[in-house]
Amino acid sequence: KEYLSDKLLQFHQFIDIFKSLNINLINKSFLDVGTGNGLIPKTLLITNFMKKVLGTDLYSPYEHESASIPLENETEKKFFKFLKKIIKNGFISYKNYKKYIRSTAEGEVFQPQDIFINNINIKKVNRYNFKKKSAHELNHLKQKFDIVYCKGIEHIPDWKTTVENFNLVTKKNSFIYLKTRP
């Protein structure tokens with residue numbers, strides 16, 4: 001539950017930040033750079049917060065030992081079941097899962113507000129797309145996104161090229177959300 005809670009907290013914080021800025025995510029497109037097993041973009045899809053998502057990573061899931069993520073299909077099913085359990089009366093509340101947060105200080109630094117989740121549609125997970133592209137290869141996507149999310153920019157060696165590539169894959173008035181754990 002610790003891993004599932006950490007992923008849930010990432011999703012919850014992401015939604016809370018955009019809600020606090022009065023930014024409507026519905027019908028937006030989302031690029032997750034360094035997606036790993038894709039749980040964040042998949043969760044944005046099934047909770048109807050995003051219309052279109054794409055995950056990119058240097059490695060396909062489980063291709064390289066550096067990706068210390070649990071098995072995708074098994075974890076995905078457990079995560080979605082956990083998400084449904086945590087949602088009470090249509091709301092996701094940090095207090096309902098904070099007891100499982102162990103490996104990070106994030107929960108103490110940024111405790112997200114309760115978020116209303118209207119519906120979960122697991123079938124939408126089939127709309128998730130993945131491209132085996134590093135942050136340095138985003139210029140090959142030939143797509144533009146409303147929101148670019150990168151949760152591990154400290155793992156990317158050439159930040160200048162990455163930021164230039166962010167510019168190539170974003171629309172006018174797009175948002176870039178960088179998250180780091182130095």
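The dialogue below moves from the overall plan to the sheet, its helices, and some individual sites.

Me: How many helices and strands are there in the protein?

Reply: The model is a predicted one, and it holds five helices and seven strands. Along the sequence these elements follow the pattern α-β-α-β-α-β-α-β-β-β-α-β. Of the 182 residues, 47% are buried. Among contacts between residues at least 6 apart in sequence, 77% join residues at least 24 apart.

Me: In what order do the five strands of the open sheet lie?

Reply: The general idea comes first: strands of a sheet pair through backbone hydrogen bonds, in either a parallel or an antiparallel manner. In this structure the open sheet has the order S5-S2-S1-S6-S7, and its pairing is parallel. Strand S5 (129-132) and strand S7 (170-178) stand at the edges with a single partner strand each, so one side of each has no neighbour in the sheet. On average, neighbouring strands of this sheet are turned by 20° against each other, direction ignored.

Me: How is S6 joined to S7?

Reply: S6 and S7 run parallel and are joined by five bridges. In one of the facing positions, Phe145 stands opposite Thr170 in S7. From S6 the chain crosses through H5 to S7, and this β-α-β crossover is right-handed. S1, H2 and S2 likewise make a right-handed β-α-β unit.

Me: Are the residues of S1 and S6 buried or exposed?

Reply: For such a question one takes a cut-off: a residue is buried if its relative accessible area is under 20%. In S1, five of its five residues are buried. Both faces of S1 are covered, with Ser29, Leu31 and Val33 on one side and Phe30 and Asp32 on the other. In S6, six of the six residues are buried, so this strand is largely enclosed by the rest of the structure.

Me: Which strands do helices H2 and H5 lie across?

Reply: Helix H2 (residues 39-46) lies across S1, S2 and strand S6 (145-150), and runs at about 165° to S1. Helix H5 (residues 159-168) lies across S1, S6 and S7, at about 140° to S7.

Me: Where is Thr47 found, and which residues is it in contact with?

Reply: Thr47 is found in the loop between H2 and S2. Its relative accessibility is 4%, and Thr47 therefore counts as buried. With neighbours within four places in sequence left aside, Thr47 is in contact with Phe11, Leu83, Ile117, Asn119 and Ile120.

Me: What is the place of Gln13?

Reply: Gln13 belongs to helix H1, and at 2% relative accessibility it counts as buried. The C-alpha atoms of Gln13 and Tyr94 are separated by 9.5 Å, although these residues are 81 residues apart along the chain.

Me: Which residues line the second largest pocket, and what is its volume?

Reply: The second largest pocket has a volume of about 160 Å³. Its lining residues include Ile15, Phe18, Lys19, Phe49, Ile115 and Phe116. Helix H1 (2-20) and strand S4 (115-116) each supply at least two residues of this lining. The largest share, three residues, comes from H1.

Technical notes. Residues numbered from 1 in each chain as written. Predicted model: local features only at pLDDT ≥ 70, side-chain atom pairs only at ≥ 80, totals over all residues. Heavy atoms only, no water. Pairing = 2+ DSSP bridges. Helix = DSSP H or I, 4+ residues; strand = E, 2+ residues; numbered from the N terminus. Axes fitted to C-alpha atoms, helices over the stretch in contact; angles between N-to-C directions. Contact = heavy atoms within 4.5 Å. Buried < 20%, exposed > 50% of the residue type's maximum accessible area, 1.4 Å probe, protein only. Right-handed = clockwise from strand over helix to strand, strands pointing away. 1 Å grid on protein atoms, 1.4 Å probe; cavity = no way out; pocket = protein on both sides within 12 Å on 5 of 7 lines; lining within 4 Å. Points joined across faces, edges and corners; volume = space filled by probe spheres on them.
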